[in-house]
Amino acid sequence: MKRLFSGMQPTGSPHIGNYLGAIENWIKLQDEYDALFCIVDLHSLTIDYDPAQVQERIYEMAAVLIAAGLEAPEKCSLFVQSHVKEHAELAWLLSTVTPISELYRMTQFKSKSDTHKKNINAGLLTYPVLQTADIALYKGEVVPVGEDQVQHIELARIICRKFNNRYGEILPEPQEKVSPAKRIMGLDGNAKMSKSLNNQIDVIEEPEAIWEKLRVAMTDPARQRRKDPGNPFVCNIHTLHTYFSTDEQIEWVREGCTTAGIGCFECKRVLADNIDQRFAPIREKARELLKDKTELKRILDAGAKRASEIAAETMDEVYRAMGLR
Ligand code: AQP
């Protein structure tokens, strides 16, 4: 079985973008690959955060992933990045073969530097090196991601290639596997749905909160409407219907919206109910898992144990190749 690696930052509760762009895919792929899924807490430190909330967020993320259908530790490994110290170790070694010019080219570095102007730290720049270490530590060949991460995986290939050219063929060049829902837009209709942009609906959001957020969500931006009159497909609410509603409901939205037969309120109400129905079982199970964290701890410990074993083997090979052992 090929090895697969993917991660998610505990910068907040997983949202609809994470669910459609990553989690749903992870659940399918756990049957086809030797899969390791990681809650990447080290990455999450690159933007401002409250240390008092980190553990809670890690457990909440683990609970949502398990409740959504990851069968760890039976079918896959789920673990926390900082529990396997080799991630940071390998990142340092790989930084010595990473051209700094490549890091400055990264779109995410540019956009996050723009959003977090008061905290443009070195970690924000070297983020893709740590991400390459995450994958390379397990000799990951396949990396399921949303569209926003494709550029980082391309850079991971460059870094692994440079390492292999210098020290011998040790690290496979990873390939991205882009999910069908590659870029879910936020409720502002302007930017990618993100935990840190406050434009999201969380997977475990309560029904009232889903409705409160959707009620005021951007529909068909006037700017777009002028460019492309009557096209309902520029509306983010319509796009979300395509993921959560039945074929009949999607057709009802398309028809009703183009003929002004239905209003945005009605259209959003149906969407809110469908999102709630889809996520209610996950929400309940996640809440149950969070009441007593014993089961989550057991799963994360088992994941870290397996990950550490693989990581130690890779580090031994890497250190020898680099002349440090
Ligand atoms: N809006 C999205 N549409 C599709 N896929 C998405 N992903 C994230 N947002 C969307 C995919 O989810 C996986 C985990 O992402 P992440 O948590 O590691 O970081 P991110 O991409 O930076 O996600 P956020 O929510 O935007 O995080 P913050 O706000 O903390 O920076 C990845 O596979 C990603 O592609």
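This is a predicted model: local features need pLDDT of at least 70, side-chain atom pairs count only at pLDDT 80 or more; totals for chains, interfaces and linings use all residues.
Good morning, everyone. Let's start with charge. Side chains of opposite charge can pair when their charged atoms come close. How many salt bridges does a search of the whole structure find? The count is 24. I will pick out a few.

Take D34 and R3. Their closest N and O atoms are 2.9 Å apart. Now look at where they sit. D34 is in strand β2, residues 34–39, and R3 is in strand β1, residues 3–8. The two are 31 residues apart, so this pair links distant parts of the chain. Is D34 buried or exposed? D34 has a relative accessible area of 18%. The cut-off for buried is under 20%, so D34 counts as buried.

Next, a pair in a helix. K291 forms a salt bridge with E288, with 3.2 Å between the closest N and O atoms. Both belong to helix α13, which spans residues 264–291. They are three residues apart, about one turn of the helix. K291 has a relative accessible area of 64%, so it is exposed. E288 comes out at 49%, so it is partly exposed. The line for exposed is over 50%.

For a landmark, find S6: it stands opposite F37 in β2. How does the chain get from β1 to β2? It passes through helix α1, residues 16–29. This β-α-β crossover is right-handed. Keep one general point in mind when you look at strands. In a regular strand the side chains alternate between the two faces of the sheet.

Stay in that region for a moment. Q30 lies in the loop between α1 and β2. Is Q30 buried or exposed? Its relative accessible area is 3%, so Q30 is buried. What does Q30 touch, leaving aside its neighbours within four places in sequence? Its contacts are A35, F37, G69, L70, E71, K75 and C76. Notice F37 there. F37 is the residue opposite S6.

Now move along the chain to I299. This residue is in helix α14, residues 294–321. I299 has 3% relative accessibility, so I299 counts as buried. Again, set aside the neighbours within four places in sequence. I299 is then in contact with I66, A72, P73 and L78. One distance for you: the C-alpha atoms of I299 and M8 are separated by 17 Å. Along the chain, those two are 291 residues apart.

Last topic: empty space. Rolling a probe the size of a water molecule over the atoms shows where empty space is left. How many cavities of 30 Å³ or more does the search find? There are two.

Definitions and conventions:
Residues are numbered from 1 along each chain as its sequence is written. Side-chain values use heavy atoms; hydrogens and water are left out. A salt bridge is a side-chain nitrogen of Lys or Arg within 4 Å of a carboxyl oxygen of Asp or Glu. Helices (H or I, at least four residues) and strands (E, at least two) are DSSP runs, numbered from the N terminus. Buried means under 20% relative accessible area, exposed over 50%, partly exposed in between (1.4 Å probe, protein chains only). Two strands pair if DSSP finds at least two bridges between them. A crossover is right-handed if, with the strands pointing away from the viewer, the path from the first strand over the helix to the second runs clockwise. Contact means heavy atoms within 4.5 Å. On a 1 Å grid over the protein atoms alone, a cavity is a set of points where a 1.4 Å probe fits but cannot get out, and a pocket is an open set with protein on both sides within 12 Å along at least five of seven lines; lining residues have an atom within 4 Å of a point. Grid points are joined across faces, edges and corners, and a volume is the space filled by probe spheres set on the points.
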